[in-house]
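Visitor: I would like to learn how to read salt bridges in a protein model. Please show me the structure and take me through it.

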Amino acid sequence: REFGFRQMKFFPAETSGGAKALAALAGPLGDVVCCPTGGIDLAKAPAYLALPNVACVGGSWMLPKAALAAGDYAAVEALAREAAGLARRPDGMRP
């Protein structure tokens with residue numbers, strides 16, 4: 001942050017305290033926006049996306065190894081579309 005970085009990856013998110021940890025960091029680091037990854041799935045993603053300091057989430061749930069190995073790109077596309085449709089903050093903006 002002292003070098004001017006305001007967008008950062010937060011990994012591994014779930015084992016580092018999850019959405020609660022990022023929510024706690026929003027106060028003292030209000031000018032920092034994160035992309036949490038690591039242990040996040042479709043069920044956990046909305047809690048992260050509701051935070052003011054989260055721009056997006058990443059997760060391997062959208063790219064299951066079995067689907068990739070089988071060349072089942074329709075399944076990957078369906079999972080990616082489902083993730084892209086998750087609710088975001090109403091203003092669509094981050095700090």
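Visitor: Is Asp-31 buried or exposed, or partly exposed?
Guide: Start with the scale: buried means under 20% relative accessible area, exposed over 50%, partly exposed in between (1.4 Å probe, protein chains only). Asp-31 counts as partly exposed, because its relative accessibility is 28%. This is a predicted model: local features need pLDDT of at least 70, side-chain atom pairs count only at pLDDT 80 or more, and totals for chains, interfaces and linings use all residues. Residues are numbered from 1 along each chain as its sequence is written, and side-chain values use heavy atoms, with hydrogens and water left out.

Visitor: Which residue forms a salt bridge with Asp-31?
Guide: A salt bridge is a side-chain nitrogen of Lys or Arg within 4 Å of a carboxyl oxygen of Asp or Glu. Asp-31 pairs with Arg-1, with the closest N and O atoms 3.1 Å apart. Arg-1, at 41%, is partly exposed. Arg-1, Arg-6 and Asp-31 are linked in a network of salt bridges.

Visitor: How many salt bridges are there by this rule?
Guide: The count is 4. One of them joins Lys-44 and Glu-14 at 3.8 Å, N to O. Lys-44 has a relative accessible area of 33%, so it is partly exposed. Glu-14, at 29%, is partly exposed too.

Visitor: Where do Arg-81 and Glu-77 lie?
Guide: Both lie in helix α4 (residues 73-84), 4 residues apart, about one turn of the helix. Helices (H or I, at least four residues) are DSSP runs, numbered from the N terminus. Arg-81 is exposed at 59%, whereas Glu-77 is partly exposed at 41%.

Definitions and conventions. Helix = DSSP H or I, 4+ residues; strand = E, 2+ residues; numbered from the N terminus.
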